[in-house]
Amino acid sequence: MDQIGQGSYGLVKLAYSEEDSTHYAMKILSKRRLLRQAGLLRRGPKKGTSPLDRVYREIAVLKKLDHPNVVKLVEVLDDPLEDSLYMVFELVKKGEVLSIPTNNPLTIERAWSVFRDTLLGLEYYSHYSMYFSYISVYSSTSAVHYQRIIHADIKPGNLLLTECGRVKIADLGVCNEFIGEDSTMTNYSTAGTPAFRAPETLNVGQNIYCGKAADIWALGATLYALVFGNVPFVADSVPVLYDKIKNKPLTFPENIRIPLDLKDCIERMLTKDPHARITLPQLKIHPWVDASGTHPLPSEEENCRLVQVDDNDINSVVRSIPKLDTLILIKTMLKQHSFGNPFMRGVSGRAPQRGGSRLERFVRAGRSNSAPGSYHNIDDR
């Protein structure tokens, strides 16, 4: 259906499933771009593996994530004849927590609540006890390889609000978030939103940085934006912005007064030296976050659980549907009990709808590799 967002890795569209009468958020990704992001087009896959194996392995992990503060990945669809991969997420109906810049930032109390939800989701998704455990069912040694996962694009636009007021972390991308035991990442990629990138990710010639520390910086910039209505560093161009992030000291608007412990929390997250930056466990017990101990957050053990993925999970993670656009078209025609051109009538099969049928609007919205011209000869077919 209609486009509802633009993620780091592709378009996000509203999708409707007739099987369960439910709306979902469908992210449409380019498989070639995913392979390029993973570096597989440059170095090639390992012998005996598919170029998409790493992509599918990561998606298998994302599909198993289950936390009240993380958007749930429901299904993954692949059209092997097209470049598109479709990731179907639960639809968080109230949208992003705050659109910035704004003259109406959140209250301190609301920012506190949003931040605590985000912190728990990030701990589950990204840090310390959120491990990726891959077990090969064909391995005689049953070796377990642990990796950690980094979000790499924390910002207000990726914090979505449920109808009951809970915050969920969204835009779970693929192919640049796996890191090793040493928690290091390479910075040749352009992952992340410029205004929320940590200074150590911007150093030309320095190819390694700590992914979890970069997430904390982005979390600090997000809290700053929630409280003040804009990002901590603003510039007219990306190069100038990056220079400010790396070299300019952090300042606070004089017209908005905030508690000293909140100011200290933001300053410690936006420390330019990643080695001196506050860590996630330290954040959980910061006086502003836990209200000086009166509102402690759940422990790491209570909040997180081990995610295990085996070969069967990887092999079944993606549903292969050849010519997905043709399948949608045929199902619509069968539902209308007609093999005529479905674009000549509305969804009901009787009166034309304003703006065309749902399928017509779907195609016109710009679905990748589904040009309207593909259907002009449907009667002849």
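This report describes the sheet, a helix pair, selected backbone features and aromatic pairs of a predicted model.

## Basis of the description

In this predicted model, local features need pLDDT of at least 70 and side-chain atom pairs count only at pLDDT 80 or more, while totals for chains, interfaces and linings use all residues. Residues are numbered from 1 along each chain as its sequence is written, and side-chain values use heavy atoms, with hydrogens and water left out.

Helices (H or I, at least four residues) and strands (E, at least two) are DSSP runs, numbered from the N terminus.

## The open sheet

Six strands form an open sheet with mixed pairing, in the order E1-E2-E3-E5-E4-E14. The edges are held by strand E1 (3–6) and strand E14 (319–320); each has a single partner strand, so one side of each is left without a neighbour in the sheet. Two strands are taken to pair if DSSP finds at least two bridges between them.

Strand E4 (residues 73–78) runs parallel to E14 and is joined to it by 2 bridges. Leucine 77 has arginine 319 of E14 as its bridge partner.

## Packing of helices H5 and H7

Two packed helices are described by the angle between their axes and the distance between the axes. For helix H5 (residues 211–228) and helix H7 (residues 260–269), the angle is about 145° and the axes are 8 Å apart. Axes are lines fitted to C-alpha atoms, for helices over the stretch in contact, and angles run from 0 to 180 degrees between N-to-C directions. The crossing of H5 and H7 is left-handed (the near helix is turned anticlockwise from the far one by less than a right angle).

Contact (heavy atoms within 4.5 Å) involves Ile216, Trp217, Leu219, Gly220, Leu223, Tyr224, Val227 and Phe228 on H5, and Leu262, Cys265, Ile266 and Met269 on H7. By class, these comprise 11 nonpolar, 1 polar and no charged residues. In this classification Ala, Val, Leu, Ile, Met, Phe, Trp, Tyr, Cys and Pro count as nonpolar, Asp, Glu, Lys and Arg as charged, and the others, Gly among them, as polar.

## Backbone features in loops

A cis peptide bond, with omega near 0°, leads from isoleucine 100 to proline 101. Proline 101 is located in the loop between strand E5 (84–90) and helix H4 (108–125).

Serine 21, although not a glycine, has a positive phi of about 55°; this residue is in the loop between strand E2 (10–17) and strand E3 (22–30). Serine 21 counts as exposed, at 52% relative accessibility. A positive phi, near 55°, is also found at serine 292, in the loop between helix H8 (280–284) and helix H9 (300–303). Serine 292 is exposed as well, at 61% relative accessibility. Buried means under 20% relative accessible area, exposed over 50%, and partly exposed in between (1.4 Å probe, protein chains only).

## Aromatic pairs

The whole structure contains 5 aromatic pairs. Rings of Phe, Tyr and Trp (its six-membered ring) pair if their centres lie within 6.5 Å; planes under 30 degrees apart count as stacked, over 60 as edge-to-face and the rest as tilted. The partners are 173 residues apart, with phenylalanine 115 in helix H4 and tryptophan 288 in the loop between H8 and H9. Both phenylalanine 115 and tryptophan 288 are buried.

Tyrosine 224 and phenylalanine 228 form a tilted pair, with 4.7 Å between centres and 50° between the planes. Being 4 residues apart in helix H5, they are separated by about one helical turn. Tyrosine 224 is buried at 5% relative accessibility, and phenylalanine 228 is buried at 9%. Ring pairs link Tyr224 and Phe228 with Phe252 in a cluster.
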